[in-house]
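Here is a friendly note to read beside the model. Please keep the sequence at hand while you go through the points.

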Amino acid sequence: AHSGKQVGVPTGIRSLDKILGGLRGGQLITLAARPAVGKSALAGNIAEFLVMSGIPVGFFSYEMTSDELNMRMLCSLSDTNLVGDILNGGADEQERLRIIAKAGARIADVSKAPLEIVDDASLTVDQIRSHARRLVRDKGVKLIVVDYMQLVKPSPSDSKAQRYVQVGNITAGLKQMAMELKLPVLGLAQVNRETDRGEPRRPRLSDLRESGSIEQDSDVVMFLYIDDPRVVEGPKMALKLFVAKNRSGRVGETDMVFIRNKIRFEDGRHPLNLEWINGVRAKL
C-alpha cells in the first residue's frame with residue numbers, strides 16, 4: 001500500500017485505493033461517521049462499483065430493506081433525481097413514469113448485478129458468519145458489508161453483558177469471519193456525538209462509539225466527515241475521507257464529493273471535482 005499498488009478488492013475511489021491498495025482479504029475495515037453524513041451511501045457505492053464489474057458482494061443491512069438498497073443503487077447509476085422525485089414523492093405519476101423510463105436502461109443492470117442483500121435486522125454475528133459462508137460458497141462473494149456494526153444483535157449468551165462487551169464480541173466475530181473466509185469485511189460504525197460540538201474537526205479513533213474493541217479489532221479505520229459545511233453548491237457537497245489506522249500501510253486523507261440527490265460519491269481528487277472544490281472555497 002505504500003507504493004499505491006493494488007493488492008486487494010478495489011473500492012472504485014482511485015485516491016482511496018492509492019492509500020489502501022484496495023480492501024484486503026482477512027481484514028476488518030471500519031468506515032465510521034456521524035449519522036446522516038453518508039457512510040451507508042459510500043458503502044453502497046463501493047458495493048455498486050464491484051457488482052457492476054461482476055464481482056459479487058454480500059450486504060448485511062440493519063437499517064434498509066433490499067428494495068431501498070436497490071433503489072439507491074439505481075439512483076446512483078442512472079442520471080436521475082430519484083431521491084427527490086420518487087423516493088420522497090416529489091413528482092406526479094406521469095413524471096415518475098418518465099423518470100423510471102429514463103432509468104430503465106439501468107434497471108436490468110441492477111436486477112442482474114451480483115449484490116446479495118440480507119436485510120434481517122435480528123441477526124447475531126454468528127448468524128452473519130453462517131450466511132456469509134453460504135454466500136462465499138454458493139455465490140462467490142468477494143466482499144462482505146455490515147451496515148452497521150453497533151446494530152448487530154448480541155448473541156443470547158451476551159444479552160446481560162455490558163454494552164462494551166457485546167460490541168467487543170461483535171467486532172471480534174467479524175474479524176474472525178474475515179480471516180476464516182479470506183475476504184475483506186467492511187463494517188460501518190457510528191462516532192460519538194461529541195464530534196458535533198464546537199467547530200468541525202477531523203474525527204479521532206477515540207471518537208468511535210464503544211471505541212475500544214472497534215479500534216482494536218479493525219485493520220483499517222476510515223472516517224467520513226464534513227470538514228467545512230460551507231463547501232456546498234446545489235446538491236453537491238465536499239467531505240473528507242480520513243484513513244486514521246492502517247495495519248498494512250500508510251494513513252492519509254482524501255477529498256470526496258457527495259451528490260446528494262443521486263446518492264453518489266465521487267473522488268474529490270478527480271480534476272473536475274478538485275476544480276469545483278477549489279472554486280467554491282475561493283468564493284468563501
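1. Helix H2 gives the most to the lining of the largest cavity, supplying six residues. A cavity is a set of points on a 1 Å grid over the protein atoms alone where a 1.4 Å probe fits but cannot get out, and lining residues have an atom within 4 Å of a point. Helices (H or I, at least four residues) and strands (E, at least two) are DSSP runs, numbered from the N terminus.

2. Please remember that this is a predicted model, where local features need pLDDT of at least 70, side-chain atom pairs count only at pLDDT 80 or more, and totals for linings use all residues. Residues are numbered from 1 along each chain as its sequence is written, and side-chain values use heavy atoms, without hydrogens and water.

3. How many cavities of 30 Å³ or more are there? The count is two. The largest holds about 110 Å³ of space, a volume being the space filled by probe spheres set on the points, which are joined across faces, edges and corners.

4. Around the largest cavity there are 13 lining residues, with Gly-44, Asn-45, Leu-69, Arg-72 and Met-73 nearest its centre. H2 (39-51) and H3 (66-77) each supply at least two residues of this lining. By type, the lining has seven nonpolar, four polar and two charged residues. Here Ala, Val, Leu, Ile, Met, Phe, Trp, Tyr, Cys and Pro count as nonpolar, Asp, Glu, Lys and Arg as charged, and the others, Gly among them, as polar.

5. Now turn to the second largest cavity, with a volume of about 40 Å³. Its lining includes Asp-227, Lys-240 and Arg-281, and strand S8 (residues 236-246) gives the most, with three residues. This lining divides into three nonpolar, no polar and five charged residues.

Definitions and conventions
1 Å grid on protein atoms, 1.4 Å probe; cavity = no way out; pocket = protein on both sides within 12 Å on 5 of 7 lines; lining within 4 Å.
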